[in-house]
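Reader: I have a model open and want to learn how to read it. Can we go feature by feature?

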Amino acid sequence: MHQDRWRKSSFSGTGPDNNCLELAAINGAIHLRESEDPGTAIRTAPRPLAAFIRAAKAGAFDHLR
């Protein structure tokens, strides 16, 4: 996968200890990976990811901390 397609949140820092979740839109799918392990990625569709983001914003996963 092309490195220039991956994007991370502006909330992530820029130093070496600022690992984050990165996203890339590739061939109509959304790919997610952790910056500390860029060789492993998962793929999902835009709609399920949008539903997950809405749930996270609503606090549905706060108990997992």
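Author: Start at one residue pair. E34 stands opposite D37 in β4. Keep in mind that this is a predicted model.

Reader: Which strands pair around there, and over how many bridges?

Author: β3, residues 29-34, pairs with β4 in the antiparallel sense. Five bridges hold the pairing. A hairpin of two residues joins β3 to β4.

Reader: What is the strand order in the sheet?

Author: The order is β1-β2-β3-β4. The sheet is open, has four strands and pairs antiparallel. β1 (7-8) and β4 (37-44) are at the edges with a single partner strand each, so one side of each has no neighbour in the sheet.

Reader: How many bridges join β1 to β2?

Author: Two bridges, with the strands antiparallel. β2 covers residues 21-26. R7 stands opposite L23 in β2.

Reader: How should I think about side chains along a strand?

Author: In a regular strand, side chains alternate between the two faces of the sheet. For a case here, take R33, which lies in strand β3.

Reader: Is R33 buried or exposed?

Author: Compare its accessibility with the cut-off. Buried means under 20% relative accessible area. R33 has 6%, so R33 counts as buried. Its side chain has a partner: a polar contact of 2.7 Å joins R33 and E22.

Reader: Now backbone angles. What does phi tell me?

Author: Most residues other than glycine have a negative phi. N27 has a positive phi, near 55 degrees, and is not glycine.

Reader: Where is N27, and is it buried or exposed?

Author: N27 sits in the loop between β2 and β3. The exposed class begins over 50%. At 80% relative accessibility, N27 therefore counts as exposed.

Reader: Which elements give two or more residues to the lining of the largest pocket?

Author: β1, β2, β4 and α1 (46-57) do. α1 gives the most, with four residues. The lining includes R7, L23, I42 and F52.

Notes: Residues numbered from 1 in each chain as written. Predicted model: local features only at pLDDT ≥ 70, side-chain atom pairs only at ≥ 80, totals over all residues. Heavy atoms only, no water. Pairing = 2+ DSSP bridges. 1 Å grid on protein atoms, 1.4 Å probe; cavity = no way out; pocket = protein on both sides within 12 Å on 5 of 7 lines; lining within 4 Å. Buried < 20%, exposed > 50% of the residue type's maximum accessible area, 1.4 Å probe, protein only. Polar contact = N/O pair within 3.5 Å; in protein donor to acceptor, adjacent residues only side chain to side chain.
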